[in-house]
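Grab a viewer and work through these exercises. Try each task yourself before you read the solution under it.

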Amino acid sequence: MLYTCGHKTPDSDSIIGAIAMAYLQNQLGVEAKAVRQGQINPESKYILEKFDLEAPELKTSFAGDDLFMVDYNNYTEGPDDLKDANIVGIVDHHKLGGIVTSSPLEVWIRPVGCSNTIIKEMFDYHNIQIPQNLAGAMMCAILSDTVIFKSPTCTKIDTKICKELATIAGIEDFKSIGMEMFKVKSAVDGVSARELVLRDFKNFDMYGKKVGIGQLEVVDLSIFDEKKDELIADIKALKKEEGADTILLLLTDIMAMGSQILVATDSLDVIEKAWDIKVENDQFWLKGCLSRKKQIVPFLEPAYK
Ligand code: MG
Ligand code: MG
Ligand code: MG
């Protein structure tokens, strides 16, 4: 059995990508099953329900198993026993993260906005039809990862493939589905601070320092007005618990096109140097910032050097 699985704290690209990859592999004659490493977030739940897809099962240990990695390529986002898994393939759109394998493997990594964009190209390469509902879900994954084409990570290939998927799914107004999805994502009432911090959270090793970066993408930042103090207190607590050097929480306003960044850090100088900003009241505004991958990590990591 081949398992297809996205990263820890799975997002929609990881969940839908695992399902699409399992479907593709099964069509190619490889017995495959989509699984996930963590809880399904509200956006992914919305997509699964909308397109009548079954949620992948939870699986956190892969020792001795065949694994196709989806939407990540490093150890920190993988299962704890990733070193003991047999990695047969990677489909991803992130920087290389230092994976070592024991056998040759299939690698599909390109600088596009979404792993599902590349998975669609794999379907085309193998000449396999994508079912209508799966195409709709893959389209949503692209709209999510590219913030409805606004993110600097979005390429012409993503928009082209997203439109092709919309056509297969029989969907005309895909941008309004994208907005609906981001409204679901913006529902933060009654959710604990910790749950919000960890909803889309990634750990990084930056020159030996542990750095955690969470991101919440919403249509209107004012929903955090009442919650911000609690969120700041929580990332400070999390930093201590994790023994991290820095925890950042990006509150991204997809309409205003920028991020209010909440900061808990032992390296204030590094943070201020990274973007040439001043942190005041444990936060700063980063105009134009929508992408952790392109506008946060490539600035913060070298500042630690
Ligand atoms: Mg992802
Ligand atoms: Mg992705
Ligand atoms: Mg994302």
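**Exercise 1. Find the protein donors of the magnesium ion (ligand 2) and give their spacing along the chain.**

Solution. Bear in mind that this is a predicted model.

Step 1: Pick out the donor atoms. They come from D13 (OD), D71 (OD), H93 (NE2) and D145 (OD), and they lie 2.1 to 2.3 Å from the ion.

Step 2: Write the donors in chain order. The spacing reads D-x57-D-x21-H-x51-D.

Step 3: Check burial, where the cut-off is under 20% relative accessible area. H93 has 4%, so H93 is buried. D145 has 18%, so D145 is buried.

**Exercise 2. Which residue bridges the magnesium ion (ligand 2) and the magnesium ion (ligand 1)?**

Solution. That's D71, and the two ions sit 3.5 Å apart.

**Exercise 3. Take the salt bridge between K202 and E77: how far apart are the closest N and O atoms, and are the residues buried or exposed?**

Solution. 

Step 1: The closest N and O atoms are 2.7 Å apart.

Step 2: K202 sits in strand β7 (residues 201–206) and E77 in the loop between β4 (66–70) and β5, so to speak a link between distant parts of the chain, 125 residues apart.

Step 3: Both K202 and E77 come out buried.

**Exercise 4. Locate the partners in the salt bridge of K95 and E301.**

Solution. 

Step 1: Their side chains meet at 3.2 Å, N to O.

Step 2: K95 is in the loop between β5 and β6, and E301 is in helix α11 (residues 297–303); the pair links distant parts of the chain, 206 residues apart.

Step 3: With a relative accessible area of 19%, E301 is buried.

**Exercise 5. Compare the accessibility of E241 and R194, which form a salt bridge.**

Solution. 

Step 1: The closest N and O atoms of this pair are 2.9 Å apart.

Step 2: E241 belongs to helix α8 (residues 228–242) and R194 to helix α7 (residues 193–198), so the contact ties together parts 47 residues apart in sequence.

Step 3: E241 reaches 54% relative accessibility and counts as exposed, whereas R194, at 23%, is partly exposed.

Notes. Residues numbered from 1 in each chain as written. Chains lettered and ligands numbered in written order. Predicted model: local features only at pLDDT ≥ 70, side-chain atom pairs only at ≥ 80, totals over all residues. Heavy atoms only, no water. Donors = N, O, S within 2.8 Å, 3.2 Å for Na, K, Ca; no water. Buried < 20%, exposed > 50% of the residue type's maximum accessible area, 1.4 Å probe, protein only. Salt bridge = Lys/Arg side-chain N within 4 Å of Asp/Glu carboxyl O. Helix = DSSP H or I, 4+ residues; strand = E, 2+ residues; numbered from the N terminus.
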